[in-house]
Structures are given as structure tokens and as C-alpha cells.
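Hi,

Here's the structure I promised to pass along. Have a look at it first, and then read on for my notes.

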Amino acid sequence: MTPETGASTPADATVDTTAAESTAAFSGDQDEDTKATTSAADGADGGVGGAAPAGAKDSATTVAFESVGESAGEGGGTATATATRPAGAPAKSAKAAKGGKPKKQRSRKAKFTRRVLFSVLAFVGFCVAGFGIAYLLTPIPEPAQDAIEQGPTFLYSDGKSQIAKTGTNRDAVKLDQVPKPVRDAVIAAENRSFYSDPGVSVKGTVRAFWTTVSGEQLQGGSTITQQMVRNYYGGIGKERSVTRKLKEIMVALKVGRERDKDWILEQYLNTIFFGRDSYGVQAAAKAYFGKDISRLNAAEGAFLAASIQQPSVFGGDLNGRGLTYAEERWRAVLNNMVRDGAISQAEATALKFPKPGKQKLTDIMRGQRGYMVNVAKKELIERRGYTEDEINRSGLKITTTFDKRLMDALKESVTANQPAGMSKKIRTAAVSVDPETGQVVAFYGGRDYLDEALSSVFGDHAQPGSGFKPIVLATALDSGLPLSTTVDGSSPQYYGGTPVRNDSNADYGMVNMVTATQNSINTAYVNLGQKVGLDKVTEMAEKLGYTKEQLTANGANAAYTFPLGVISAHPVQQAGVFATFASEGRFRQPFVVKAVTDGKGRSRTFEEKGKRAFSEQTARDATYAMQRVVQSGTGRAANLPDGRPVAGKTGTTDQGAAIWFNGFIPQMATTVAMFRSDQKPLSIPGYGAYGGQLPAQIWRGYMAQAVDVKGFEYKSFGAPSSAPGSYDSGGYDDRRTAPPSREPNPNGRPTPPNSQRPPSSRPPSPPGDGDGPGNGDGPGNGDGGDGPGNGDGPGNGDGPGNGGGGDGSGDGNRPDARG
């Protein structure tokens, strides 16, 4: 029964909300603000009331609705209506009862964001706490002066015999001995905020961490204090790792707080590496300018400051791109000094670039030792990730690939075979590579490192001439052409209006690839290049270690004469090419360091896994053709005394400016080259300018010793897929016997068959001494061209000087006509 409107509730009566609360909870409404809770006011005093009678059935809840300002009866009083909700019905919230909207529940995204934020804040707090603990627990190490002084030791391949042990060039000075412009230059170049920062740069540290993690080389991130800490204190290390960087930062912060800035700068200037094996400004001032540090001016100070980031560039012979970079870097340092107010713009403009004096070398580097040390250091920096500073100060033991016995044998053969009176401007390069590993087991880099520091094997270069032809041969074979493929070997032939001639203008007619290789027929190889495509030849040369830059310089790889070796090559590259044939098609980049052990006994070893450049059968077929070169062609002087199989290729360039012999046995490949750095024609007393002469002779003398020193067994090359005959032989002979008994031709010149030799149409040449004009067709006795040089009979070439009728400036010496 519904109470009458206006009925009053007893003063002590309350509205029962238990059922409503239970119902709200059961209905799943979790919004605390919307739970319905009501109470009844004192009806007598409030005039407003509505209450369920005690004991209402089904525990129905009565909710009072209040209506103000409406007449519910006489007198316009306040009317109160009550409504009864059945038991079990959901309760309405107070706000809903008053017409308000219920609050929305928080989204999952908002809850997730809040949790992530709390996690990040917790992580940051943890890192800050961890950093603080690490800072407190990281002590400042003791100065590592003894460790700083430990230079590297270079060892031969046995890991025991010492090549050289180099020391550290340092002479510490007080800060007041260093001129202010020098100090200002260093600060401007390395750390402009040095006197104001705490010892660490936040921006630089982030950059350094990114460099460490990613391996990407970016701008340097270390302050002067950090660099000093790394160089001055022991236990910091130099490896690229996050833990080492953190330790460096901790120590730098402590040093920056506990030490005077001038003290830090003094230690830095006395320990930093400036190049030329000089540590500290005093040693650098003497190494570059031959004077005491106190006498350096602003220009020289800026030079030293500029060298800190790239000491290897500044420490070398400044020329070409190196000089351009050095000048640009030097000018940038001056601009920084102007920025910092150290000098005026007018003063900076007036300064001239101070080109340093020539580097002085110590006797410990005399002879071949300097070449070995220098090339090993260069490889560690360029290919293995070491810095020059790390090499010079970490007490490393560097085991090279050089076999001392082979090094001695190679030097002996070079010096014993060089004729008296040969110009010192002629450089000899010789290098041996192990085909199975790529290790450079021996080389001859020059007469003396102290006299000519640039290695003739690794640093100097010359055109390889016909020594490039086997690359064209391998390209043709790998493209599917057999050795029997014929090409036109007549001479002369014209390409784009330019004549190409064979040596002595010999006309061979149509020849197969064996004959073209055996006699180094220029026109045949030009035609072979056109047949297979010069783009494919370029690709093959890249597989064999040549760089794109070398092959495309001056458009060389697009020229008809590209197969004739008109590019520049380092002798070690040629040795790597022929080692690939010896290893039956697998190329390994030649290398010179096989292991490095640091001061803590930790070792790193190095090897070259190798990549297949061409098929095994291609290698065997090409090798067969190159065996014919030694047996019956231009390289007969290279036959070894024990008669074991030898393959190789001669090379002679334009006007005899460079001469080569590249030869190999299954176990070793060796290249010998002679050239002038100024690329002028060679003049060798008693010899003509042909690769089959003196270079082949040096090769033979050395390899005869090498097979005994290494105990190489007599071993044959793999059989070719076919064995087409040549002019001098009927085909392949796999018998383990000595090659044909024909005596080597010391002139190393091709000998075309009589049936193919064209009659001379030129007037007789006057008698000469072997250096005058001649067409190479005359009888000549080989003793300097005693007879006329135009006869039609074959020359015997038994003596040095004419090689069959003169090797002077006739048609046989056209730029592209050498073997």
C-alpha cells in the first residue's frame, strides 16, 4: 500500500538502503560516486518526508523525490512523492536521481600510459641511483706511466724471432713552457668549454655512446679531460665498449672535480699523440718543425692542434689529398680560435700554412725492417680497427706473416741479380703469397727504408702490362670459351683509328688462346677483350682484388687496350691475382698480420676465408696456357732447376717503363717487378726492358731457394679440360718430368714460327748496339746487335742486348707492343 502524499515519517525512522547497496553491487556498478545511499530527514521538523513502512514486503526500497515550488495541495506547500522500487531492481545513483550524468570508466589506454610513466620514472630513478653509487665506488687509478711507455714488438711468422721493437717518443714539459697560442689552439680544436665544463660533455657523451653501439664513425665526443684520463691513467683501457666508456666518464668527473684545470691540460699536452711517433707537444714540435715547443708560433700551434684528430695524415708526406685535408683542418682550427677570441680575424688571415720538415727515421728501421713494421701497422689501422696510438702504446706483440728465411732469400736474389751501374731510380719490387691462406710470406720493399721509405710492393705502383692478360683469359674461359677459341693475332690492327702492334710487329694470323698467351700477342688479346666484353673483364678484375677506382681511372676499362694492362697496380695486387690461379680460383686478399697479443695476454688472430673468383676448371685451363709461357714462350728464363711445373706471365709496358714476371707453383705465387717511380723508360746495363729477362731471372733465383727452404714437394697442376697445341708443342704433357730441354731465352721475347713470320718491307737497319732501331726480324747474335736488324731469319737472342735484331725504338717498341 502506497503511503498517502504528505504523510510524515516518525522522527527516528530511517530509509533502509541495504537492499539498494546490495543490488548496486550485484549489478556490477563499480563507480563509487554512483552508489545510492539515502537517509530520511525528520519528517516532523523538515516537512519533507517519505518512508517505507516498517516491514514493507519484499524489502522494497522507497526513494524520496523532492519537488520544490509546485503545489501539491492547499497552501502551496512542498509536495513530496514517494515511489517504491521492487526488490531486486538496480538502484539509481544519487546523481542520476538528480538528473546528473554518470562518470565514464577509465580507458585501458589511460591505465597503460599511467603504468608506463611510473615504470619510466622508476627506471630513471634507478639509473640515477646506480650512477651515484658507481661514481662513489669508482676510484681514480694510479698514473700508468710505465704502461704508456710500452711500444709494440713486431715478430716474424714463427712468433718468436723479433723484427723490431719500437718505443715511445715523449719529453714532458711544464704548462708554462707551452706558448699560449698553442694552448688556445688545442682548446679551440678539441674542447672549447674546457675551463667551464665538469670534465664531461653530455652531448659528446651521447654521440660517443652511439658510435660505440652502432660502430658508425661520428665526430669525436670526448672532452680534453676524458682524453687525458684515457691516456694518463692505467686500467681505463682503449677498447670500444660501453663499460669502458662509463668508467672513463666516472673518472673524468672525479678528476674534473678534484684536479685543477691547468694540471689536467698539462697532462693532456704531454700524453696526446700527434703523429710521427711523437707523444706530447714537445716531441711533436721537434718531429714536425725541428724546434723546442717554446718557440712555436700560432700557425705551428694550430697545425699541431689540427693533427690530433688525424695524426696519420699529418704525420705522413703531405701532398695531394693529404695536403688539402691538412690545410682545411688547419684553417678550421684558426677559425675556432677567432670564434673563441684567442686571435683576431685579421691575425688568422695573415697566417700561412706551416708545412713541416721531412720526417727523421731511426736506425732501428734500417733495411727491410722498416718496410715490414710500416706495412704491418698500416694493415692494423686500415683493415683491423686499431688506432696508431693504440699500436704505439699498448705493448702489443704483433706476429706478422713474414717468413724470415724467405725474406732473406728474396733479398739475396734481388741484390745478387741487379747489375752494377743500374740507376738507383729504378725500383725493384718482389712479393710472395701463400695461395692457401693469402698470407704474404716474403717481400722486398726497396734498398733501405731509411733511404726510400715508400714500399715498392705495397706503396708504389706501375702498369702491369701483359701481366694483366691472364685476367682477360680467365674471363673468356669462365664465359664458356674453350682454349681452342681462335682470335686474330695479325699486326698491326686499328681500333678507332689507333694502331695496335705486337712486339716487333710480328704477325701471327689466327691463333688459339694458348698461343696468344704463350707469345703474349697484343692484338689477339685486344680482340679477345672485345669478344668477351670489357665490362666482364672489369668485373673479373674486381673479383681478383683490383678496385673500381683503379680500373676506371681515365676511362681505362673502356679503352681497346684495356686487356694490355694500362691501369696502375701495386705489385702485391698482382701477386694476389696469380695466387688465385694457384689456388684454383679462390681469391684471398693478401695480408701481413696473422696475430696480435695485448699486454694482458689476450690474442686476436686474422685470416682470409677467400671468395671464388672463377671455377676450378677455368683456373686449370688458364694455368695450362701460362705453363706454355714458361716452357716455350716469353717466360722461359723462369724455369726452375729441378724441372717442377711452373706457370706465369711476363709483363712489359709502354717503352719499357715497367717490366714484370708473375709466376707460381701450386704452393706459392711470386711477383717481381722493376720500374721507375717517374715512369720513365728503364735502362738496365746488360739487359733489355722485358719482363722475361731480369725479373724472370730474379724470380728463378729466389724460387729455387724457396722450394728448398719450405720443403715444397714436386707437385703438378690440375689437368686442363683440353690441351690445344701451340707453335712449339703438340699439347699437354702431365708427366712428372722436366719441361722441354730448350734453353731459356734470356731476352724473354716472343718467337713466332717461321711460317707465320711476315717478310720485312723496310730498309735494312744499320748495325747497332741493341738499343738502336730494329724490327726484331734480323738474325742478330744477341751480343748487342752486331748485324743488321732487318733480316728475315729468326734471331737466337742468346745474349743480352737485342733479343733478335735490336730492341730499340723501331716498331717493336710501340707503347702497346711489348710482351
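This is a predicted model: local features need pLDDT of at least 70, side-chain atom pairs count only at pLDDT 80 or more; totals for chains, interfaces and linings use all residues.

Below is a rundown of what turned up, from the whole chain down to single side chains.

The big picture

The protein chain has 26 helices and 21 strands. Of its 819 residues, 51% are buried. The accessible surface of the chain is about 37800 Å², and carbon and sulfur atoms account for 51% of that. If you take the contacts between residues at least 6 apart in sequence, 69% of them join residues at least 24 apart.

Helix α21, residues 522-532, is mostly covered, with nine of its 11 residues buried. Among the buried ones are Asn522, Tyr525, Leu528 and Val532.

Helix α4 spans residues 108-137 and contains Val124. Val124 belongs to a nonpolar surface patch along with Phe112, Val116, Val120 and Phe123, and together they have about 470 Å² of accessible area. Val124 itself counts as partly exposed because its relative accessibility is 43%.

Aromatic rings

There are 20 aromatic pairs in the structure. In one of them, Phe273 and Tyr279, the ring centres are 4.7 Å apart and the planes sit at 35°, so this pair is classed as tilted. Phe273 and Tyr279 are both buried. Phe443 and Phe458 make an edge-to-face pair instead, at 5.2 Å centre to centre with 90° between the planes. Phe443 is in strand β10 (residues 440-444) and Phe458 is in the loop between β10 and α19, so this pair ties together parts that are 15 residues apart in sequence. Phe443 is buried, at a relative accessible area of 1%.

Ring pairs also link Tyr288, Phe289, Phe303, Phe314, Tyr325, Trp330 and Phe353 into a cluster.

Asn270 counts as buried because its relative accessibility is 6%. Leaving out residues up to four places away in sequence, Asn270 touches Arg170, Asp171, Ala172, Val173, Tyr279 and Gly280.

Salt bridges

A search of the whole structure gives 26 salt bridges. Which of them might you want to open up on screen?

- Glu300 and Lys291: the closest N and O atoms are 3.0 Å apart, and both residues are buried.
- Glu452 and Arg427: the side chains meet at 3.5 Å, N to O. Glu452 is in the loop between β10 and α19 and Arg427 is in strand β9 (residues 426-433), so the bridge ties together parts that are 25 residues apart in sequence. Both count as buried, Glu452 at 18% relative accessibility and Arg427 at 6%.
- Arg644 and Asp642: this one is 2.7 Å, N to O. Arg644 is buried, with a relative accessible area of 7%, whereas Asp642 is partly exposed at 38%.
- Glu379, Arg383, Arg384 and Glu608: salt bridges link these four into a network.

Cheers

Methods: Residues are numbered from 1 along each chain as its sequence is written. Side-chain values use heavy atoms; hydrogens and water are left out. Patches are made of residues with over 30% relative accessible area and no salt bridge: like charges are joined within 9 Å, nonpolar side chains (Val, Leu, Ile, Met, Phe, Trp, Tyr) within 5 Å. Accessible areas come from the Shrake-Rupley method with a 1.4 Å probe; for residues, only the protein chains shown count as cover. Helices (H or I, at least four residues) and strands (E, at least two) are DSSP runs, numbered from the N terminus. Buried means under 20% relative accessible area, exposed over 50%, partly exposed in between (1.4 Å probe, protein chains only). Rings of Phe, Tyr and Trp (its six-membered ring) pair if their centres lie within 6.5 Å; planes under 30 degrees apart count as stacked, over 60 as edge-to-face and the rest as tilted. Contact means heavy atoms within 4.5 Å.
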